[in-house]
Amino acid sequence: MPDDDEQSRLLHRLIDHPTPGQVFGEPVTHDGVVVLPVAALSNGGGGGGGSGPEPAGTAFGLGGGYGTMGRPVGAYVISRGNARFVPAVDITRLAVVAACAAVSIAVLLRRRRASG
């Protein structure tokens, strides 16, 4: 298990020094067209602490955590000297938004009928 100094160095490297490889995927070339995938990264961390007397002696607490999440956002497509960004379509997100909109409309219509 890494000691505290090693853990600290690793955490600082992850947070302070994002690399292109964390955001851009490997380019793919096919029939003269280059596709460069792009992702969005989110980082988060937490900590803890503690200490204090307990009936059976002294207490001590500790905690911590760190997480990274990535999701595709699209790709740059380079063809014949032109580059364009093509956004990724997140079907799940679209479905959730559509479902929330449908429920909201249904609630509003029900309230309108009940008051009128």
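Q: What does the secondary structure come to in the protein chain?
A: Three helices and six strands. This is a predicted model, by the way.

Q: How much of the chain counts as buried?
A: 5% of the 116 residues.

Q: What share of the contacts comes from residues 24 or more positions apart?
A: 42%, taken over contacts with a separation of 6 or more.

Q: Let's do strands. How many bridges join β2 to β5?
A: 14 bridges. The two strands run antiparallel. β2 covers residues 33-47, and β5 covers residues 64-79.

Q: Give me a residue pair there. What is the bridge partner of L36 in β5?
A: Y76. P37 has a place in that pairing too: P37 stands opposite A75 in β5.

Q: What about β5 and β6, how many bridges join them?
A: Six, and those strands also run antiparallel. β6 is residues 82-87. As one example, G74 stands opposite P87 in β6.

Q: How many residues sit between β5 and β6 in the hairpin?
A: Two residues. R80 is in that turn.

Q: What is the phi of R80?
A: Positive, about 50°, although R80 is not a glycine.

Q: Is R80 buried or exposed, and why?
A: Exposed, because its relative accessibility is 81% and the cut-off for exposed is over 50%. R80 belongs to the loop between β5 and β6.

Q: Now β1. How many bridges join β1 to β2?
A: Three, antiparallel again. β1 is residues 28-30. V28 stands opposite V35 in β2.

Q: Which residue takes a positive phi in the hairpin of β1 and β2?
A: D31, with phi near 50°. The hairpin has two residues between its strands. D31 is a residue other than glycine.

Q: Where does D31 lie, then?
A: In the loop between β1 and β2. D31 is exposed, with a relative accessible area of 71%.

Q: Switching to the surface. Which residues form the nonpolar patch?
A: F24, Y76, I78 and F85. Together they have about 330 Å² of accessible area.

Q: Where is I78 placed?
A: In strand β5. I78 is partly exposed, at 34% relative accessible area.

Q: What is the geometry of Y76 and F85?
A: The ring centres are 5.1 Å apart and the planes stand at 65°. The pair is therefore edge-to-face, as the cut-off for that class is over 60 degrees.

Q: Why quote both a distance and an angle?
A: Because a pair of aromatic rings is described by the distance of the centres and the angle of the planes.

Q: One more residue. Where is P27 found?
A: In the loop between α2 and β1. α2 is 20-23.

Q: Which residues is P27 in contact with?
A: V34, V35 and L36. That leaves aside its neighbours within four places in sequence.

Q: How far apart are P27 and Y76?
A: 49 residues in sequence, and 9.3 Å in space, C-alpha to C-alpha. L36 links the two residues in another way: L36 is in contact with P27, and the bridge partner of L36 in β5 is Y76.

Q: What is the relative accessible area of P27?
A: 48%. P27 is partly exposed.

Methods. Residues numbered from 1 in each chain as written. Predicted model: local features only at pLDDT ≥ 70, side-chain atom pairs only at ≥ 80, totals over all residues. Heavy atoms only, no water. Patch = residues over 30% accessible without salt bridge, like charges linked within 9 Å, V, L, I, M, F, W, Y side chains within 5 Å. Areas by Shrake-Rupley, 256 points an atom, 1.4 Å probe, with all protein chains shown as cover. Salt bridge = Lys/Arg side-chain N within 4 Å of Asp/Glu carboxyl O. Helix = DSSP H or I, 4+ residues; strand = E, 2+ residues; numbered from the N terminus. Buried < 20%, exposed > 50% of the residue type's maximum accessible area, 1.4 Å probe, protein only. Phe/Tyr/Trp six-rings, centres within 6.5 Å; stacked < 30°, edge-to-face > 60°. Pairing = 2+ DSSP bridges. Contact = heavy atoms within 4.5 Å.
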